[in-house]
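Subject: Structure for you to look at

Hello,

Here is the structure I promised to pass on. Please open it first, then read my notes below.

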Amino acid sequence: MGVNHLRDWIAPGFNWKEGEPQTPEQRFGVAIFDLLEFKVVNAVCNRSKHMGCLRYQLKIKYGTLFDEYPEIGSVTDFDNGPPVGYSVDGRNLLDIIDVALGYYESHWYDRSR
């Protein structure tokens with residue numbers, strides 16, 4: 001969620017759908033949305049937030065023992081066990097998040113150094 005909303009924190013109050021970007025912050029916010037990995041993160045977050053459909057194929061990987069899981073109270077499916085990973089269209093979700101974070105780093109944070 002933080003990776004998705006960081007864009008809003010960089011350019012607070014900007015209407016991404018209606019406004020024409022005027023500042024570097026707003027231009028960055030528009031540019032990152034062209035990144036496929038950011039679109040995936042955004043779609044997964046919006047699906048969670050709004051309980052809507054996801055145009056990507058989200059899969060949950062199971063495969064650990066309950067007694068190896070640190071928070072047994074957070075297991076939501078006792079038939080499959082606790083989740084150990086997530087993929088979107090066959091790509092590890094953590095890899096997708098890393099690409100989006102890398103974009104923030106190289107296109108926003110590094111530019112001010």
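D89 is partly exposed, with a relative accessible area of 46%. That value lies between the 20% and 50% cut-offs, so D89 counts as neither buried nor exposed. Find D89 in the loop between strand 2 (83–88) and strand 3 (91–92). Now check its backbone. D89 has a positive phi of about 50 degrees, although it is not a glycine. Most residues other than glycine have a negative phi.

Keep in mind that this is a predicted model. The mean pLDDT of the chain is 81. Of its residues, 71% reach 70 or more. Which elements have the lowest and the highest mean pLDDT? Strand 1 (residues 58–62) has the lowest, at 71. Helix 4 has the highest, at 95.

Next, the overall layout. The chain has 4 helices and 3 strands. Along the sequence, the pattern reads α-α-α-β-β-β-α. There are 113 residues in the chain, and 30% of them are buried. Take the contacts between residues at least 6 apart in sequence: 50% of these join residues at least 24 apart.

Now the core. In soluble globular proteins, nonpolar side chains tend to be buried together. Here the largest nonpolar core has 18 residues. Those with the most contacts inside this core are I10, F28, I32, V88, I96 and Y104. Helix 4 gives the most, with 6 residues.

Leaving aside neighbours within four places in sequence, I10 is in contact with E25, F28, Y104, W108 and Y109. Y109 sits in helix 4 (residues 93–109). Is Y109 buried, partly exposed or exposed? Y109 is partly exposed, with a relative accessible area of 33%. Beyond four places in sequence, Y109 touches L6, I10 and Y104.

Then move to helix 2, and look at Q26 and R27. Q26 lies in helix 2. R27 has its place there too, in residues 24–32. Q26 is buried, because its relative accessible area of 15% is under 20%. R27 is partly exposed, at 43%. Now their contacts, again leaving out residues up to four places away in sequence. Q26 touches A11, F14, W16, E20 and P21. R27 touches P21 and Q22. The C-alpha atoms of R27 and W16 are separated by 9.9 Å, with the two residues 11 apart along the chain.

Last, the pocket. Rolling a probe the size of a water molecule over the atoms shows where empty space is left. The largest pocket has a volume of about 230 Å³. Which residues line the largest pocket? They are R7, N15, W16, K17, G29, V30, F33 and N42. By class, the lining has 3 nonpolar, 3 polar and 2 charged residues. W16 turns up again here, as one of the lining residues.

Best wishes

Conventions:
Residues numbered from 1 in each chain as written. Predicted model: local features only at pLDDT ≥ 70, side-chain atom pairs only at ≥ 80, totals over all residues. Heavy atoms only, no water. Helix = DSSP H or I, 4+ residues; strand = E, 2+ residues; numbered from the N terminus. Buried < 20%, exposed > 50% of the residue type's maximum accessible area, 1.4 Å probe, protein only. Contact = heavy atoms within 4.5 Å. 1 Å grid on protein atoms, 1.4 Å probe; cavity = no way out; pocket = protein on both sides within 12 Å on 5 of 7 lines; lining within 4 Å. Points joined across faces, edges and corners; volume = space filled by probe spheres on them. Nonpolar A, V, L, I, M, F, W, Y, C, P; charged D, E, K, R; others polar. pLDDT = per-residue confidence, 0-100. Core = buried A, V, L, I, M, F, W, Y, C linked by side-chain atoms within 4.5 Å.
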